[in-house]
Amino acid sequence: MKRENGCPEIVIVDGGADSPGSLAELLVEHGYGVVTVGDWRQALITAGDDVPGHVVISRACLEKLEDELTGELKRENQQLREENARGREVEAALREEDEQLCTILLGYPIPQFVIDGNHRVVYWNRAMEAYSGIASCDVVGTDRQWSAFYPSARPCLADLLVDDGEDGLAAWYGDRVTRSGLLPDCYECTDFFPDQSGGGRWLHFITIKMKDVNGVTIGAIETLNDITDRKLAEQELHKAYNELDERVKARTRDLEAANRELESFAYSVSHDLRQPLRAIDGFSQALLEEYNDRLDDEGREYLGRLRAGSQRMGILIDNILRLSRLSREEMHYQTVDLSAIAAEIAEELKGADPDRQGDFVIAPGLTVHGDPALLRIALQNLLANAWKFSSQKDRARVEFGTREVEGERAFHVSDNGAGFDMTYGDKLFGVFQRLHGAKEFPGTGIGLAIVQRVIHRHGGRVWAEAEVGKGASFYFVL
């Protein structure tokens with residue numbers, strides 16, 4: 001016969017009256033039915049040929065089976081012992097890591113504390129003890145972390161993060177708290193604490209949530225940095241800046257008033273000087289025209305010099321007025337084609353002296369962002385100077401182009417003219433400064449001062465390089 005689960009019943013024949021209880025129990029656990037008898041003959045009589053469901057097992061087979069099952073149990077027990085040993089090793093390693101983490105947190109040089117999900121302090125490092133004056137043993141396990149900052153209970157930034165209190169953040173800290181880009185769920189806040197020692201302290205907080213593997217908030221870490229000294233320095237700097245700004249504004253008002261007075265004075269001088277100059281020039285011309293036959297050559301020469309001097313004085317007055325106005329004229333920035341302006345000026349200069357032999361070499365497509373009227377004045381003076389100081393050459397050559405100077409694009413006006421001694425180069429851009437005689441090369445000595453003023457108004461710089469008898473180059477960077 002067979003059991004309902006398909007397993008045959010087993011008749012154990014051991015030749016004795018005792019039964020292998022542990023083995024029988026094990027076989028039962030594996031789903032076998034067990035009948036124990038004391039004599040194998042009785043087992044055969046009991047089983048009979050017509051009961052095929054019974055199995056007769058000898059004692060040797062049982063011992064073999066028992067040995068196999070016992071070995072399996074021993075192997076399983078060994079595996080359990082090894083797993084327990086590994087578990088103890090992992091537990092020890094975790095315990096060691098936990099102790100190291102505690103040591104790191106406690107010894108961290110910046111004040112820091114940790115709270116759990118119930119707002120109880122878990123860690124309160126030594127730097128926090130030193131800052132707050134509260135010992136770790138007096139606060140760990142409590143929810144009195146607020147006592148390090150406030151005279152009465154109120155939530156810290158870490159408490160609000162534990163409660164996921166976005167509304168609370170706005171209510172307690174307003175726009176002083178911001179989400180940090182350092183880590184997710186990390187916030188920063190700078191706030192003033194008037195109840196702290198020394199008349200109050202400025203603190204900068206960085207607070208981050210702690211979450212378990214399921215994403216549930218289990219606490220928060222808060223780190224603070226005392227930035228009072230930096231804040232006080234910023235306030236002093238801001239105060240100094242405001243004072244400087246006021247002084248600059250006052251100075252600017254004074255300069256504007258002085259400039260207005262200077263402009264008024266220059267206009268008055270110009271007006272008052274032009275009238276006698278026109279009279280001198282006019283009467284000199286009248287003498288030459290009406291009394292020419294009564295004057296000898298020397299008298300006519302004197303009158304000619306008188307007229308030339310009065311005309312130069314008129315030009316000088318015009319240049320002084322132009323120079324005084326350059327600093328006050330409003331700038332109108334736009335894209336300026338310097339090549340086109342230079343070409344126009346070159347045609348004007350050649351047209352004014354058609355018999356003179358000379359070449360203008362102008363690089364095409366040179367543009368800048370600036371005031372076209374002022375830049376035209378600068379180029380007019382530079383090109384006119386180059387044309388003038390190369391007048392004693394058989395064939396003048398004036399070039400306008402660019403060169404790279406110390407990594408910058410520098411414009412230059414170069415000539416093959418008289419040049420000058422670089423020893424006196426620092427005088428070039430001064431008003432009324434001349435390195436050549438007026439008879440040799442006429443002029444007022446204001447042109448290069450005008451050029452410098454224009455370039456400086458564009459935030460640039462201008463300089464010159466030259467050699468006596470080999471020409472000169474004037475550079476400017478905008």
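Modeller: The pLDDT is the predictor's confidence in each residue, on a scale from 0 to 100, and a contact means heavy atoms within 4.5 Å. This is a predicted model, in which local features need a pLDDT of at least 70 and side-chain atom pairs count only at pLDDT 80 or more, while totals for chains, interfaces and linings use all residues. Residues are numbered from 1 along each chain as its sequence is written, and side-chain values use heavy atoms, with hydrogens and water left out.

The chain has an average pLDDT of 78, with 76% of its residues scoring at least 70. For residues 1–8 the pLDDT is below 50, and the model shows 18 contacts for this stretch beyond near neighbours in sequence. Residues 37–56 also stay under 50, with 29 contacts beyond four places in sequence. Where pLDDT is low, predicted coordinates should not be read in detail.

Now the interior. Buried means under 20% relative accessible area, exposed means over 50%, and partly exposed lies in between, using a 1.4 Å probe and protein chains only. A nonpolar core is a set of buried Ala, Val, Leu, Ile, Met, Phe, Trp, Tyr and Cys residues joined through side-chain atoms within 4.5 Å. Helices (H or I, at least four residues) and strands (E, at least two) are DSSP runs numbered from the N terminus. In soluble globular proteins, nonpolar side chains tend to be buried together.

The largest nonpolar core contains 40 residues, and Leu338, Leu383, Phe400, Phe474 and Phe476 have the most contacts inside it. At least two core residues come from each of α10 (338–352), α11, β13 (396–405), β14 (408–415), α12 (447–457), β15 (461–466) and β16 (472–477). Helix α11 gives the largest share, nine residues. A second, separate core has 27 residues, including Ile134, Tyr173, Cys189 and Phe193.

Helix α11 covers residues 372–389, 18 residues in total, and spans 26 Å from first to last C-alpha, close to the 26 Å expected at 1.5 Å a residue; the expected span is 1.5 Å times one less than the number of residues. Its buried residues include Leu374, Leu375, Ile377, Leu382, Leu383 and Trp387. Asn381 and Asn385 are also among the buried residues of α11. At the start of the helix, a side-chain oxygen of Asp371 comes to within 3.0 Å of the backbone nitrogen of Ala373.

Phe400 has contacts, other than residues up to four places away in sequence, that include Leu338, Ala342, Leu366, Leu379, Phe411 and Phe476.

Gly417, in the loop between β14 and α12, is buried at 1% relative accessible area. The C-alpha atoms of Gly417 and Gly471 are 4.2 Å apart, although the two residues are 54 residues apart along the chain. Beyond its neighbours within four places in sequence, Gly417 contacts Phe389, Ser390, Lys393, Gly469, Lys470 and Gly471.

Elsewhere, the loop between β6 and β7 holds both Ser180 and Asp185. Ser180 is buried, at 7% relative accessible area, and its side chain makes a polar contact with that of Glu188 at 2.9 Å. A polar contact is a pair of N or O atoms within 3.5 Å; within protein, one must be able to donate a hydrogen and the other to accept it, and residues adjacent in sequence count only if both atoms are side-chain atoms. Asp185 has a positive phi of about 55°, although it is not a glycine.

Asp185 also pairs with Lys211 in a salt bridge, with the closest N and O atoms 2.8 Å apart. Lys211 is in strand β8 (residues 201–211), so this pair ties together parts that are 26 residues apart in sequence. A salt bridge is a side-chain nitrogen of Lys or Arg within 4 Å of a carboxyl oxygen of Asp or Glu, and by this rule there are 13. Arg201 and Asp226 form another, at 3.0 Å from N to O. Arg201 is in strand β8 and Asp226 in strand β9 (residues 217–226), so the pair links parts that are 25 residues apart in sequence.
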